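Subject: Structure handover

Dear colleague,

Please read the notes beside the coordinates.

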Amino acid sequence: MSGPSFELTEEQRELQRVAHEFAERELRPVAAECDARSEFPDGLLERAARAGLTSYAIPEEYGGGGVSAMTASLIAEELSWGCAGLAGTIQATMFPVRPLLYAGSQEQRDRYLRLLASEPGTLAAIAFTEPHAGSDLTAIRASAVREGDDYLLNGEKCYVTNGGIAAITVVFAKVDGGMTAFVLEDGDPGVVAGRKEDKLGLKASYTGSILLEDARIPAARRLGEEGQGLALAMDFFEASRPQVAAAAVGVARAAFEHAADYA
Ligand SMILES: Cc1cc2nc3c(=O)[nH]c(=O)nc-3n(C[C@H](O)[C@H](O)[C@H](O)COP(=O)(O)OP(=O)(O)OC[C@H]3O[C@@H](n4cnc5c(N)ncnc54)[C@H](O)[C@@H]3O)c2cc1C
């Protein structure tokens, strides 16, 4: 009888093993302390990058591992087994990848995907959420107005993983009512880091807000067309939300193991 196969491939099993060993060596031993201190250890991003764990979803032609969303979910499960907070920061490095592949120009892909795949690791973020707009993404109020070769962005983004500390952030704002995505770079004028959230969990992962105060962003950093942002966001969620679910499985496994050890 034939049908869909849930057998993992040789490559998937190998990457699962690499992620598990990294989690066991680098994440699990420091998880409790990092959570208590709301800290991400120095050098961890670099070590994750060297192990290929910040670039596996980036196509090989740009220096990444080129794995599927399914394989990325297997890796997410193992990393979150080690520490979901630390794993969140590591994996957020790949948040701009889908939007760049979906709508980025060749020039944008060359510049940003190579940077994200680079060995020291590059902190990245994606900013949809606003104080009054979470699940209902279309309710965002951040605006972008074209001014010559630039756009002026205004608004507030909150609950953003690596928000305000990332080198590259994909941000969503409305141009004449149409949701549109832009790439922000560290140091852009008018892009201000807001407050860091003090969360109940996932404390080792930095969650912060970003204030856009007449942020002047070159039009060349618009991703895709004006009004294409919603399609781009949905494509991102399609690939990333299963990884959030897989991460929850990793956390559940870890909780079971801790409980069994204690019993
Ligand atoms: C740890 C963490 C990291 C995050 N990282 C990022 C990030 O990197 N970038 C980013 O942009 N955002 C990020 N977020 C924000 C996250 O995407 C939002 O929290 C999420 O979209 C939900 O929005 P909300 O919190 O405003 O909740 P709401 O949208 O206000 O939802 C509250 C509750 O109401 C329910 N609900 C909402 N609408 C309906 C409806 N129509 N019918 C029935 N029930 C409904 C929801 O299911 C939920 O239970 C992060 C959040 C957390 C906690």
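Around the ligand, the shell residues divide into 7 nonpolar, 4 polar and 1 charged (nonpolar means Ala, Val, Leu, Ile, Met, Phe, Trp, Tyr, Cys and Pro; charged means Asp, Glu, Lys and Arg; the others, Gly among them, count as polar). This is a predicted model, in which local features need pLDDT of at least 70 and side-chain atom pairs pLDDT 80 or more, while totals for chains, interfaces and linings use all residues. Numbering starts from 1 along each chain as its sequence is written, and side-chain values use heavy atoms, with hydrogens and water left out.

The shell includes Phe95, Phe128, Tyr159, Leu202 and Arg241, a residue being counted if one of its heavy atoms lies within 4 Å of the ligand. β3 (150-161) and β1 (124-127) are the elements that give two or more residues to it (strands are DSSP runs of E, at least two residues, numbered from the N terminus). β3 has the largest share, 3 residues.

Polar contacts are pairs of N or O atoms within 3.5 Å. A polar backbone atom of isoleucine 126 is 2.8 Å from a ligand nitrogen. For side chains, an N or O atom of threonine 129 is 2.7 Å from a ligand nitrogen, and a polar atom of threonine 161 lies 3.0 Å from a ligand nitrogen.

On the domains, an automatic or database assignment gives domain 1 (10-121 + 232-262) and domain 2 (124-225). Their centres, taken over C-alpha atoms, are 22 Å apart. Contact (heavy atoms within 4.5 Å) involves 29 residues of domain 1 and 24 residues of domain 2.

Regards

Conventions:
A polar contact is a pair of N or O atoms within 3.5 Å; within protein, one must be able to donate a hydrogen and the other to accept it, and residues adjacent in sequence count only if both atoms are side-chain atoms. Helices (H or I, at least four residues) and strands (E, at least two) are DSSP runs, numbered from the N terminus.
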